[in-house]
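The following paragraphs lead the reader through selected features of one protein model.

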Amino acid sequence: MRNILRILIFGDPANDINLITSTLDHSELTYKQLNVTTIADFDFSLKNFAPHVVLAFCGGKNSIGHQALYLLQHIDSQLPFICISKPEYEEEALELLSAGASDYLFEDRLRRLPKAILQAINSPDLSHQSQKFSLLQEIPLAIAVLMGKQHIFTFVNTYFQNNIGNKLIINQTLKDLYQGTELSFLQEKADQVYETGKTYTVKEVSVTLSEGPYFNFTIQAIRDSEGIIEGLLLSGLEVTEQMQYRKEKEQVSYEIEKLLDAVNEGFYLKDIRNNRYLKLSAGCSRIYGYNLAEFHENPDLWYDVIHPEDRHIAERDGVLLGKGAQTNSQYRIIGKDKSIRWIEIKAVPHFLNGEIHTVDGVISDITQWKETEEQIKQAEAVLSEAQKMALIGNWNFDLVKQTLSWSDGLKEIYWADETLVPVNEYFDQLIHPEDKLRVEYEVDKLIRLGKNMKTSFRIMNKEGEVKILQGENRIEFNAEGVTTRLYGTLQDVTAIKATEHTLKKSEANLRTLLDHTDAAYILVDQQLNIISYSQMAKEIAEFRGHYNELEGNSIFDYFAKNKRARLQKIIDDVIIGKNISYETNVIEKDGTEKWFALKWIGVNDDENQYWGFILSIKDITEQKNIAKAQNETTSELIRRNKDLEQFTYVVSHNLRAPVANIMGLSDLLSDMDDPATATELMYGLRTSIKNLDTVIKDLNYVLTVKKDAPDRMKELVEIQTLVDEIKGSINNLIVSENMTFEYQLEEEKIYTVRGYLYSIFYNLILNSIKYRQPDISPRMILKTYLTGKNLNIIFEDNGKGIDLKKYGSQLFGLYKRFDVDIEGKGMGLFMVKTQVEDLGGTIQVSSEPGKGSIFHILLPINDPPTILTLR
């Protein structure tokens, strides 16, 4: 045993050597190590360092471990060689073991490394079969040796026996042992390897039907000294934990990728050394407009799409990342659709051996935020200009930092330009001497009470120019209640105050003038607020129940709510220069009706710009009542004239016949000597005189009804009782004709002229009996109901009906009869229509021959001169 072991380590120092050193440092070995990374350095160190053992990292077919072993065999060196491998390169490690390597270990299982080094040094010749089997027993893998074409088990290590085989495995064939099991496929693969010599590997195979341990199996050919295949080496690496870990890792990776792909940001990981992307999320594609394949094809695409004016930002970031600094930058890119977008990239570098190795970062699309930021800047610029135009400014005093800031508008108010750096002294010097104490008191009160306060004061410059300022002072506290900030707004109201003064003088003159007119006047400004009004306007408002002060209130509040919908359209028309005039009525709280004439007249300033309007309101109730009375008189005259025309017609027709008969018979009697003939003529004369008397009585009755109509006394009439009285008066007819009645009375009482209503009902009921159909018993349906302010009375019968196309225009005429088979004079319907109209109503009829008639009477119930409904 040597005192100090010289160990030559051949591999990537960044990833490998630390693993070995950490393991050996925790052992009892005394060693000296030399690390090399190239084959040339390895060859040189074999001669100059003279190692006792070589540890090499082995990967794929051409890994540095393979190169090192081939070099040792080429120089015919018996130097112990131990392979360090990842689990996924187990097949390659076994090949190296077959090729002459002393041992191999997995890099995540190096606890056996010190012991393996000692065994390799103390047993340099492993060609002997028993020594190799002894080594295979210690390997933490399932190892079996199968000899011949039948693949007979001649050796299995304990690990294989316990996990894959059984107690009677030796001298059994592969086929006999595993036929019908999960491992039956090994027979076919073993045959292929035995025939071809090509190694076969299968990963993650369960050795039981249930979920059991999983193995990666490798089958390799064993050759004799002449290279002839004489058997197979079957090895199995248990990967249950690795597989579960991999699945869990894959699931976690899947969930993370799913999450990253779902968010709007893009995430990337780039290998700087090899200029390739290791990871790109779907967000990158959404932001740039290029698919992920295009990024992988051109790893520099991210730079190519940067706006030419902004590429210097990315170049600067590259330098900073190379120095180990994290970066956070914003610049523009040109998307695939040629649209320009703003992005923000946060990048973090990762170093290996002092050089940048990878960079990961987050990409955000901040286009909307940038557009909003630009809009805010524009809005702030517009606000600044608006403040200047409106002579408004704002100020802010940070009590914590003791800093004072003014807006550009406020600087202009204080006779300064935008370059002014405001200080309290500048503010104090410009306050009008007479207002200084009050301003100091207001500031002290603001801080002491902690409440926002209105302010008004004057400032004066050296030239004596004075400005009047108005505004509001505000205060702000932190969570502990300590005052941290004072701020507020100020407006130059000098011109406004001067205008108000002039306006007040003009208003006083105008008020004196308007208070002596018979109309109400209201002056309204651009904001639709009442700024002045005449005494008459106030009296109208008070009369209508508005007792609040008008000045300062909206013009809309002057009107009832149901009138306001129309006002906005009127005001819009006035603003564009139209003068609006109209009349309107209102029902006051006491129930009286008032009429007003309104005029809306726009008012322009000296520059012909709209300033407001004047509303004039004149009470025209008296004129309206006079006009209404005149209209009623005219209507009555027209109606009476029509009655007179009809009366003249009746006189000329109905009186002419009996008068002519009387005159003719009188002439005959004067010359008649025969008594018998004279008696007959006297009878005819009496008959003509009787007919003349009947006509005169009828005309007198009509004239009496019309004359007495306005003076008839009204009373509360029960409709059912009224009908029962009529039925009693003609009971013999009702019984003899078997007449029936049906009532649908929603309204049972009416306040009216009883005699008129009795006559209307009597005539319509009697007509339904007189003009019945011969073979059908007469029936009358009587209905009453309200529609709006009118009472509807319906008389529906099943009588003969009327041919309205033939007789409709004469139906309600005096002495108009259309059924000569029935006795009558033609006065009934005339009187019905006359009395209905005297009650302020209307009558309509619908009828067809053989289908009965329906008379529809409509009487107003809210017309005080005629009718009221009591329910």
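**Hairpins, a helix and a disulfide**

Strands β19 and β20 make a hairpin in which five residues separate the two strands, and within the turn G481 adopts a positive phi of about 85°. The model is a predicted one. The pairing of β19 with β20 (residues 483-492) is antiparallel and extends over nine bridges. Within this pairing, E472 has T489 of β20 as its bridge partner.

Strand β19 (residues 466-477) also pairs with β18 (residues 453-460); these two strands run antiparallel and are joined by eight bridges. Here R458 is placed opposite I468 of β19. β18 and β19 likewise form a hairpin with five residues between the strands, and G464 has a positive phi near 85° in that hairpin.

The next element is helix α14. With twelve residues (311-322) at 1.5 Å a residue, α14 should span 16 Å, and the 17 Å between its end C-alpha atoms agrees with that expectation. Which residues of α14 are buried? They are I313, A314, D317 and L321. These residues lie on the same side of α14, because the arc they cover around the axis is only 95°. The surroundings of that side can also be named: the buried residues of α14 pack against α13 (301-304) and against the strands β13 (327-334), β14 (340-352) and β15 (355-365). Just after the helix, G324 takes a positive phi of about 95°.

The cysteines remain to be considered. How many disulfides does the count give? The count comes to one disulfide. This disulfide is formed by C58 and C83, whose sulfur atoms are 2.4 Å apart, a separation to be set against the cut-off of 2.5 Å. Since C58 belongs to strand β3 (residues 53-58) and C83 to strand β4 (residues 81-85), the pair ties together parts that lie 25 residues apart in sequence. A disulfide is, in general, a covalent bond between the sulfur atoms of two cysteines. Both C58 and C83 are buried.

Another cysteine, C284, has a relative accessible area of 3%. Because buried means under 20% relative accessible area, C284 is classed as buried.

Definitions and conventions. Residues are numbered from 1 along each chain as its sequence is written. This is a predicted model: local features need pLDDT of at least 70, side-chain atom pairs count only at pLDDT 80 or more; totals for chains, interfaces and linings use all residues. Side-chain values use heavy atoms; hydrogens and water are left out. Helices (H or I, at least four residues) and strands (E, at least two) are DSSP runs, numbered from the N terminus. The expected span of a helix is 1.5 Å times one less than its number of residues. Buried means under 20% relative accessible area, exposed over 50%, partly exposed in between (1.4 Å probe, protein chains only). The arc is that of the directions from the helix axis to the C-beta atoms. Contact means heavy atoms within 4.5 Å. Two strands pair if DSSP finds at least two bridges between them.
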